[in-house]
Each structure stands twice: as structure tokens, then as C-alpha cells.
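Please look at the sequence and the three-dimensional structure below, and keep both in view while you read. We shall go through a sheet and the helices around it, one step at a time.

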Amino acid sequence: MTTKAKLGLDPVCGMSVDEDRTPHKLLHDGELYLFCAAGCKTAFEADPERFLSGGEATSAHMSVPSSPLVSISLGPVVETPPKTPLEPPPGASRLDAPVHGMHCASCVAAIETHVSALSGVSRASVNFATERLSVDYDPAQLSLDEIDASVRSAGPYQLVRASGDKTVEDQAEELREREHASLRLRMVVAVALSTAIMTLSMLSAATLGLTPASKGVLLLALTTPVLFWCGLGFLQGFVAGMRSLSFNMDSLVAIGTGAAYGYSAASLFLPSLVDATSGGGALYFDTTAMIITLVLVGKFLEGRAK
């Protein structure tokens, strides 16, 4: 025969509590109250009337201690003002146009910093999700060409503008399609070459019927197009970032792959400059190729999603 559970409601959080199981109980004004956790009991003891006078347990501004160490405050609902003002300041014009070439949040910061520094700009913000730049500026002090030049100086970016019979949106879509087609080709080539590089790297030179030096030269020959053609966009982004002293994802990829490639080439041709073994220094051509390939695959999928 089973005994029916004696259930009560926690006056703080409103949860159902089994009287026989909970150790958190309190007698107040001759009535027994049950609590789901010590935190609820502590809150009730501090101010019982708060939870007994009007259903505080379900109000939006209640603080609910779920445990002695964790407290969840729902707080009042506050609307966040939009990032972009509804209207530009008096006398100012607003430019809202796509920006081509952004890859990460650092790109957003670089563009906003460069454009905001222009004389006549009262506000500049970039939305990475929509790839658009919004600028409030004084047309008497600043032209669209100067804003475009500032965007280009920030890195491998360009302000998309109407051309001929094509609208801004048509131009932006054409640039996206062109970039996506180029990215797809570079990704396919990188995957094919990286597969060959990884296979060769896992096999010994004797198995391949080659000397260690000739195997290294073969890996170098296969890795070079992966880095300097498939990964050309990363290298260009890194160079552009160096000119403006700003760093982004392109910088990270270029430095990492370039270091691995350079060290491997030095180990192959100038072993005396590195910690070389009898068969030459360690080679990291496979690392260079795989980093480029994996990032390209990620960029391709991101482009598809957008």
C-alpha cells in the first residue's frame, strides 16, 4: 500500500514540493510552508509578506533564488533602443549601402573606425549579418567617393555602388555570386590537393619509392598552390590589414599557414638553420594545406547560408 504524497506550493517560486522529501520547511504564523531549495526559504524568511500579500511568486520583477549560490533575477522588461537612429541629424545625409569583402567582426570594427574618423561623419555603423554600412554625414564636407576610399583603406573591402543600369542591390548580388563561384573553385582544388598531401605525409619515403628530400620537394610543390592560389584571399587580407594596422581572421590564417610553410621550406632546403635531424627538419606542409582547406570549406558553407 502506497502513501499519497503531501504536496504544497513553494510560496517563492511556485513549484510543487513534496512535504516528505524536502528538508526546507518553515512554520510561519501557525502555517507550514514548503520550499524547493534553501535559497527560496532564505528569501521567504527575509520578507514573508512580500510572497504572501499578492502572488509575488509569479510577478515579472521577482528574484528567484534557485539555490544558495545561484540567483536568477528576471527584472523589469526594458526595450533596447535600435542601433541606427530613425532619422539622421538635421542637415546630415544618410548612406545605407552594402559592403563587400567582410569576413569577421574585426572587419566591422576596422570599417567603422576608418569611416568614423572622417571629417563630417556623425555616425557610422556596420551590420555584419546584412553586410551593410550606415553613415550619417555632412554632404558639404564629405563625398561618397571619400567614404568609399576610406572603406577600401580599411582592408580588402569595397562600398557597393550603382553602376550603369545596375542598382546597388544588383551590384551586390553580382559580387556575391562571383565571389561564391571563385570560392567554390578554390575550395575544390584545395580539397583535392590537401587529400594528396595528407596521403603522402602519412606514407614513408621508402613506401613511395622516393628519398626523404624528393618527398619533401613533392609536398612543397603540392602545397604551394594551396597557399598562394587557394589561400590568396587570406594573404591579400593580411597585407591590407598590415597597411592599416588592423588584424582580422585573414591575419590569423596567413600568419599561421605562412609560418608552417616557411619553416618547412627552410627545413627542406636549409636544414642547418633549423633543428634538423638526419633526414632533414620536420615538415608541416600538411598543416599548411589543411588549415587553408578547412577555413575555405567554412567560408563556403557560410556563403551558402547567407
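Four strands form an open sheet in the order β8-β9-β7-β10, and their pairing is antiparallel. Here helices (H or I, at least four residues) and strands (E, at least two) are DSSP runs, numbered from the N terminus, and two strands are said to pair if DSSP finds at least two bridges between them. At the edges stand β8 and β10 (158–159), each with a single partner strand, so that one side of each is left without a neighbour in the sheet. The model is a predicted one, in which local features need pLDDT of at least 70 and side-chain atom pairs count only at pLDDT 80 or more, while totals for chains, interfaces and linings use all residues. Residues are numbered from 1 along each chain as its sequence is written, and side-chain values use heavy atoms, with hydrogens and water left out.

Strands of a sheet pair through backbone hydrogen bonds, either parallel or antiparallel. Strand β8 (residues 121–127) is joined to strand β9 (residues 132–137) by six bridges, and the two run antiparallel. You can follow this pairing residue by residue: A124 has V135 of β9 as its bridge partner, V126 has L133, and N127 has R132. Between the two strands of this hairpin there are four residues, and E131 takes a positive phi near 55°.

How many residues of strand β8 are buried? Five of its seven residues are buried, so the strand is largely enclosed by the rest of the structure, where buried means under 20% relative accessible area, exposed means over 50%, and partly exposed lies in between (1.4 Å probe, protein chains only). Strand β9 is mostly covered too, with five of its six residues buried.

Helix α3 (residues 105–116) touches β7 (93–100), β8 and β9, and its direction makes about 165° with that of β8; contact means heavy atoms within 4.5 Å. Helix α5 (residues 168–202) lies across β7, β9 and β10, running at about 20° to β7. Axes are lines fitted to C-alpha atoms, for helices over the stretch in contact, and angles run from 0 to 180 degrees between N-to-C directions.

Now turn to helix α7 (residues 212–230), whose axis comes within 11 Å of that of helix α9 (residues 249–269), crossing at roughly 155°. The two helices are therefore roughly antiparallel, given that angles over 145 degrees count as roughly antiparallel, under 35 as roughly parallel, 65 to 115 as roughly perpendicular and the rest as oblique. Their contact involves residues including L220 and F228 of α7 and Y261 and L268 of α9.

The axes of α7 and α10 come within 9 Å and cross at roughly 30°, which makes α7 roughly parallel to α10. Among the residues in this contact are L220 and L227 of α7, with I292 and L296 of α10.

Helix α10 (residues 285–305) also holds E302, which counts as partly exposed because its relative accessibility is 32%. The C-alpha atoms of E302 and H103 are separated by 9.8 Å, although these residues are 199 apart along the chain.
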